[in-house]
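I opened a new notebook page for this structure. I wanted to look up a few things and write down what I found.

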Amino acid sequence: MSTTVTETQTRTRAAPITAETILSLFPDIDTRSDALEGHDEQQIRLMDEVCIVTDEDDLLIGTASKKLCHLMTNIDKGLLHRAFSVFLFNSKNELLLQQRATEKITFPDMWTNTCCSHPLNLANETGSNLPDSIMGVKHAAQRKLDHELGIKKEQVPLDDFHFLTRIHYKAPSDGKWGEHEIDYILFIKAEVDVDPNVNEVQDTRYVSAEELKKLFDDPSLKFTPWFKLICQSMLFEWWEHLDSGLEKYENEQEIRRML
């Protein structure tokens with residue numbers, strides 16, 4: 001049964017993250033607290049979104065605000081949530097990258113894959129088993145591609161997304177914020193119209209595999225930690241098989257641990 005995280009007493013000693021312990025481990029924090037002072041108003045409002053909290057096997061055990069999920073004080077206790085990363089390629093097999101807006105609270109100004117976000121506690125984005133969870137993140141991917149990049153869902157049909165695998169990783173953004181996610185990797189090949197939301201995305205570009213490798217050698221550019229992890233592990237091999245043989249990499253059941 002899913003449990004909603006609510007205000008309760010903090011528990012300091014380490015404990016397994018289960019539906020029974022989640023309430024005492026992670027008290028919710030008012031979004032008007034000092035942690036958000038000085039940040040962009042639109043980004044602060046997005047911190048109220050309700051993310052899906054899971055255990056390390058990606059089983060749904062509750063929900064929590066986006067803010068609560070991204071505070072390092074909670075991440076350091078083990079709070080873990082579900083996420084997705086979309087890699088969108090054009091007909092030339094070039095990958096669409098985005099540079100996160102300066103207004104972003106976590107990992108501002110960094111370059112990353114096409115779209116990275118979270119399924120929310122919505123009827124069509126929550127799944128308690130892997131097939132339903134995959135469909136949930138595909139719906140979330142459509143929503144966020146529109147929100148961040150103006151890409152309409154008609155240009156990215158659900159059936160065109162390819163689920164490859166899940167990665168479990170942890171990464172600090174600064175001393176206050178970070179990520180701890182079970183991240184679903186989605187590939188899609190589509191010709192799309194891009195109209196970025198400037199509060200989310202400050203720049204975009206399409207790159208070939210060789211161009212991306214050169215960008216990583218540019219010391220003036222910064223990349224999100226999950227994007228670097230994916231690139232350093234399997235991205236370029238997957239990319240080589242985008243048009244032929246990708247199916248052998250799809251629907252991986254095991255979670256890749258990158259901690």
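**Entry: the model.** I noted that this is a predicted model.

**Entry: the hairpin.** I began with strand β1, residues 50-54. I found that β1 pairs with β2 in the antiparallel sense, over five bridges. The two strands form a hairpin, and five residues lie between them. In the turn I checked D58, which has a positive phi of about 70°. Then I looked at how covered β2 is. This strand spans residues 60-65, and five of its six residues are buried. I also looked across the pair: C51 stands opposite A64 in β2.

**Entry: the cysteines.** How many disulfides does the structure hold? I found zero. I looked at C51 here: the nearest cysteine sulfur belongs to C69 and is 4.6 Å away. A disulfide needs the two sulfur atoms within 2.5 Å, so I count none for C51. C116 is in no disulfide either. For C116, the nearest cysteine sulfur is that of C115, 6.4 Å away. Are these two residues, C51 and C116, buried or exposed? C51 is buried, with a relative accessible area of 0%. C116 is buried too, at 12%.

**Entry: T224.** Where is T224 found? I located T224 in the loop between α6 (209-216) and α7 (225-240). I noted a relative accessible area of 0%, so T224 is buried. Which residues does T224 touch, leaving out those up to four places away in sequence? I listed R100, F107, M110, W111 and T112.

Definitions and conventions: Residues are numbered from 1 along each chain as its sequence is written. This is a predicted model: local features need pLDDT of at least 70, side-chain atom pairs count only at pLDDT 80 or more; totals for chains, interfaces and linings use all residues. Side-chain values use heavy atoms; hydrogens and water are left out. Helices (H or I, at least four residues) and strands (E, at least two) are DSSP runs, numbered from the N terminus. Buried means under 20% relative accessible area, exposed over 50%, partly exposed in between (1.4 Å probe, protein chains only). Contact means heavy atoms within 4.5 Å. Two strands pair if DSSP finds at least two bridges between them.
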